[in-house]
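Please have the sequence and the coordinates open as you go.

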Amino acid sequence: MPKVTQQHMDARRKQILDAARRCFLRDGFHSTSMQDLFAESGLSAGAVYRHFTSKDEMILAIAEENMSDVLDITLAVATNRQGQSMGAVMAELLDVIRAKSAEEDVAGLAVLVWGEAMRNRSLARKLDHLMGRIRANLVTLVRDHQEQGGLPTSATAEGIASTMLSVLPGYILQVALLDPAVVAEVPDAVRALWPGPAGER
């Protein structure tokens, strides 16, 4: 028999997760059965179970993918010290969320995942871990900006980072529930709120 390539495996995994997203957004986590997922993906039970043993595994995978771009951006900026203001960093995160929501309703899925995390401790721990990594990257950036005079030192870097991180859920909730025009100006507003030192944008 021909060997199954990693590319084929990755394509199958994406096919399953795309189907799961559609089902979850349409019917919610608990009303979606594994049979629904088999039908939506067009794959056999065996093909799906080869990649995911349960709905919970799919939910975890979707949650991780939803946050991966946000994590990647904060890590890249924290590592490379690109000289962006904190407002510019936050605005970039919001732009990514908006773009991905237009493509695959990341915001709607995020709201579903938050609700599920209230009862699913494994998912809650995963979200806590991912948010902790994002927060740590922001703390690094905040400390740099405090040293450069771009942010006040009267509050801790940890407190400022957590406050900035609080912007994300509120923005995501609005993207999920409201007309896009309502939040269209939020990234520019964030840039204006945290512009950084003179010459830093």
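The dialogue below moves from the whole chain to single residues.

Q: What should I know about the model before I start?

A: This is a predicted model, in which local features need pLDDT of at least 70 and side-chain atom pairs count only at pLDDT 80 or more, while totals for chains, interfaces and linings use all residues. Residues are numbered from 1 along each chain as its sequence is written, and side-chain values use heavy atoms, with hydrogens and water left out.

Q: How do I read the confidence, and where in the chain is it lowest and highest?

A: pLDDT is the predictor's confidence in each residue, from 0 to 100. Where pLDDT is low, the predicted coordinates should not be read in detail. Here the chain has a mean pLDDT of 87, and 93% of its residues reach 70 or more. Confidence is lowest in helix α4 (residues 55-80), with a mean of 81, and highest in helix α2 (residues 34-41), at 96.

Q: How many helices and strands does the chain have?

A: Helices (H or I, at least four residues) and strands (E, at least two) are DSSP runs, numbered from the N terminus. This chain has 11 helices and zero strands. Its C-alpha atoms fill a box of roughly 60 × 40 × 30 Å, taken along the principal axes.

Q: What share of the residues is buried, and what share of the contacts joins residues 24 or more positions apart?

A: Buried means under 20% relative accessible area, exposed over 50%, and partly exposed in between (1.4 Å probe, protein chains only). By that scale, 41% of the 201 residues count as buried. Contact means heavy atoms within 4.5 Å. Of the contacts with a separation of 6 or more, 68% are between residues 24 or more positions apart.

Q: How do I describe a pair of packed helices?

A: Two packed helices are described by the angle between their axes and the distance between the axes. Axes are lines fitted to C-alpha atoms, for helices over the stretch in contact, and angles run from 0 to 180 degrees between N-to-C directions. Take helix α5 (residues 86-104) and helix α6 (residues 106-117): their axes come within 6 Å and cross at roughly 95 degrees. That makes α5 roughly perpendicular to α6 (under 35 degrees is roughly parallel, over 145 roughly antiparallel, 65 to 115 roughly perpendicular and the rest oblique). K100, S101 and E104 of α5 meet V106, A107 and L109 of α6.

Q: Is K100 buried or exposed, and which residues is K100 in contact with?

A: K100 lies in helix α5 and counts as buried because its relative accessible area is 17%. Beyond its neighbours within four places in sequence, K100 is in contact with D69, D105 and V106.

Q: Which side chain forms a polar contact with that of R21?

A: A polar contact is a pair of N or O atoms within 3.5 Å; within protein, one must be able to donate a hydrogen and the other to accept it, and residues adjacent in sequence count only if both atoms are side-chain atoms. The side chains of R21 and E65 are joined by such a contact, of 2.4 Å. R21 lies in helix α1 (residues 6-27) and is buried, with a relative accessible area of 7%.
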